[in-house]
Amino acid sequence: MSHEELGTIPHMPFEEYKEKCKDFLTMTRKNGILEARLHTNGDSLQWCAQAHQGLHYFFDWAGRDPENEVIILGGTGKDLFKGIGRVDKKGEWQPATEFGSAPDIAWRMYEYQYLDGTKDIEGQVFDIQVPTIGVWNGAAFHTDLVLFSDITLCTEDAWTTEMHFRTNMVPGDGIQIAWRELMGRKRYAYAELTGEIITARKALDLGMVNEICEDTEAAYARAQEIAELIIRTGTRVTRRLTVQQLRKPWKEDIANELRNAFSTEMYVTATEHSPHEISFWQDAHAEAELVKAAEKQGKVVRPRIGGGQFEDEIK
C-alpha cells in the first residue's frame with residue numbers, strides 16, 4: 001500500500017539525502033547496498049561541526065529508507081581522519097572554534113559537542129535498521145564511527161590512539177563504550193591513560209576489527225562482497241531483526257552510560273580546558289610510524305615519557 005492510501009509520511013528519497021550530505025559524505029547505492037564515504041573536499045575527513053552534526057541526520061534518513069538493505073560507512077583517501085578543524089572555501093585549514101569552551105561561547109559545547117555527539121552514537125546504533133559495515137582506512141581518532149558497525153574492516157596501514165586523555169578530556173562521548181567492550185576493561189584503561197598506539201594487527205588481535213585489507217579500495221570491495229553475502233543469506237525482515245539482537249548489548253551500554261558520561265566530559269572540558277589543536281594529532285602520527293616499524297621487526301614500542309623505543313615483547 002502507498003503512503004497516500006495509508007496517510008503515512010513518506011521517507012526521504014535517497015537522492016535527496018545524498019544531496020544534503022554531499023559536503024561530508026559521498027554516497028552510492030546499488031542493489032540495496034548503500035556505501036557512504038566521509039570526506040572533506042574529496043579527501044580524508046577534517047572533523048568539524050559539519051560532519052559531527054550531519055552524521056546523525058544521515059543515520060536518521062538512511063535508517064528510515066526502506067530501500068537500504070546494508071549500509072557501509074568509512075573514509076576517503078589514505079586516512080579516515082586528516083585532522084580536526086574546518087576547511088574554508090579555499091581549502092585552507094581553520095581552527096575548530098565551534099568546539100571551543102571559553103565562557104562566552106560555552107553554549108557551543110551543548111549544541112556542537114554534547115547534542116550532536118550523543119545523537120551520532122544513538123543514531124548509528126538505534127536508528128539504522130539494517131546490517132552495517134565499517135571501513136577504517138589509515139589514521140583515525142573517532143573510531144567509534146566504524147567500531148559501532150556490526151562488522152568492521154580496516155586497511156593494513158590503519159592505526160589509532162585514544163585522544164581524549166591526551167588532550168585533557170574525559171572520555172565520555174561513547175568511544176569509551178566501544179573500546180572498553182571490544183578490547184576489555186583492563187586493556188582499555190591502559191590504552192586510554194597511556195595513549196597507546198593501536199595498529200591494524202593489534203586491533204585484529206584485540207577483537208576490534210574482523211578483517212584487515214590491503215588498502216582503502218580493497219576494504220570497500222570486501223565490504224561490498226560481505227554485504228552481498230548478507231543480502232543473499234537472510235530475508236529482508238530476518239536481516240533487520242537479527243541486527244537488533246546483535247546490537248542489544250550496545251543499546252544497553254549506550255542507554256545506561258552515554259548521556260551522563262558525555263555530560264562529565266563537557267564539564268571537565270569547560271572547567272579544565274581542552275586544547276582542540278592539530279598538533280596533538282600530528283604528534284600521534286610520528287608515534288604511530290615508530291610503532292608500525294617496530295611491529296614489522298617483531299618488536300614493540302611501549303608508551304614512555306619522551307617517546308618510546310624498540311623493545312622485545314615479553315611473552
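Which strands does helix H3 (residues 49-64) lie across? The views below take up this question after an overview of the predicted model.

**View 1. The whole predicted protein.** In this predicted model, local features need pLDDT of at least 70 and side-chain atom pairs count only at pLDDT 80 or more, while totals for chains, interfaces and linings use all residues. Residues are numbered from 1 along each chain as its sequence is written, and side-chain values use heavy atoms, with hydrogens and water left out. The protein has 12 helices and 15 strands, which are DSSP runs numbered from the N terminus (helices H or I, at least four residues; strands E, at least two). Along its principal axes the C-alpha trace spans about 70 × 50 × 40 Å.

**View 2. The open sheet.** Six strands, in the order S1-S2-S4-S8-S10-S13, form an open sheet with mixed pairing, where two strands pair if DSSP finds at least two bridges between them. Strand S1 (25-30) and strand S13 (211-213) are the edge strands, each pairing on one side only.

View 3. Strand S10 (residues 151-155) and S13 run parallel and are joined by 3 bridges; Cys154 has Ile212 in S13 as its bridge partner.

**View 4. Two helices across the sheet.** Helix H3 lies across S1, strand S2 (33-38) and strand S4 (70-74), running at about 175 degrees to S2; angles run from 0 to 180 degrees between N-to-C directions, and axes are lines fitted to C-alpha atoms, for helices over the stretch in contact, where contact means heavy atoms within 4.5 Å. Helix H9 (residues 216-233) lies across S2, S4, strand S8 (132-136), S10 and S13, running at about 155 degrees to S2.
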